[in-house]
Amino acid sequence: MESQAGAYLNKRALCSPLGAARLCQLAMGCAVIAMVTHSAGYSGSHGVFCMAAWCFCFAMTIVVFFLDATRLYSCLPISWDNLTVTCAAFATLMFVTASVVYPLFFVRSECPYAGCDVRNFRIAVTVCSILGALAYGAEVALCRARPGQAVVGYMATASGLLKVVQGFVACIIFGALANGSEYSRYAATIFCVVVYAFCFALTALVVVMTVCGRTKAVRCLPFDRFVVVCTLLEVLLYLSASVVWPVFCFDPKYGSPWRPSSCPQGKCPWDSKLVVAVFSFVNFGLYVADLVYSQTIRYTASRVRTNPRL
């Protein structure tokens, strides 16, 4: 058998801007986890969330880097380019959220009872988390499809990246709904929850179909048209939810337009309702932007048939 020395490992996984970004992700993730477990510490639901986000993204990056370096991704029945940009976009959002939540609840200007070393470690954790978010953002920027360039995959387009953000925002909405939002008091607010769940499922379906390379599974419609139809439906549903939810939560006839003074901090249903209302408008705007961007995908993809790797 002819030797193929040097062909088994992908040198570009190391010697490329994309490889450098992933190595930075691993370095920052490892530093954050080490400092948190060593001295910075974490506690409560917010600390557990941050630690879970860092650990999950770190483990995901290790798997992606290993599969890319060994070229074993070719054995998987997936669209590798779509998967990696989806993971990078999701990890960017997770790191950004953790970079905001952790210092907000754990970093103080004065030294805590454990001493100034703990405070300094927590500041270092925050800095490394921000650098990690920038590293994941750099990977997204490197993989993102640009006008006039070959479209590697749907998830590399602006519309595909918006799908990831929409799903992330929906998870924030679900978290607020589960935190004593009292959504079951009215049929209208239950309708809004159904809308959030249905749109999330539809968005997840598009992402899964793309990552799994099943874009031809919809026989009656081309995939790009199927995406536009789904996005238009989601825009209409979110528009209705964005109107109905504030009315039945903040109108004096059904709720309170102002935060009750007796409401406990951190466990106030009014706060959860406000979070749902705000992020409903955010997701509505994201779906509108997605609908606008999705109009150009068919044009670009229909003219580019190559699939170059970074």
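User: Why is the largest pocket said to lie between domain 1 and domain 2?

Analyst: In this predicted model, domain 1 (9–147) and domain 2 (157–257 + 266–309) both contribute lining residues, so the largest pocket lies between them; the domain bounds come from an automatic or database domain assignment. A pocket here is an open set of points on a 1 Å grid over the protein atoms alone, where a 1.4 Å probe fits, with protein on both sides within 12 Å along at least five of seven lines, and lining residues have an atom within 4 Å of a point. The model's local features need pLDDT of at least 70, side-chain atom pairs count only at pLDDT 80 or more, and totals for chains, interfaces and linings use all residues. Residues are numbered from 1 along each chain as its sequence is written, and side-chain values use heavy atoms, without hydrogens and water.

User: Which helix gives the most to that lining?

Analyst: Helix 3 does, with 7 residues, while 24 residues line the largest pocket altogether, His 46 and Val 101 being among those nearest its centre.

User: What makes helix 3 and helix 6 oblique to each other?

Analyst: Their axes, lines fitted to C-alpha atoms over the stretch in contact, come within 8 Å and cross at roughly 135 degrees. Angles under 35 degrees count as roughly parallel, over 145 as roughly antiparallel, 65 to 115 as roughly perpendicular and the rest as oblique, and helix 3 and helix 6 are therefore oblique. The contact (heavy atoms within 4.5 Å) is made by Asn 82, Leu 83 and Thr 86 of helix 3 with Val 207, Thr 210 and Val 211 of helix 6.

Methods. Helices (H or I, at least four residues) and strands (E, at least two) are DSSP runs, numbered from the N terminus. Axes are lines fitted to C-alpha atoms, for helices over the stretch in contact, and angles run from 0 to 180 degrees between N-to-C directions.
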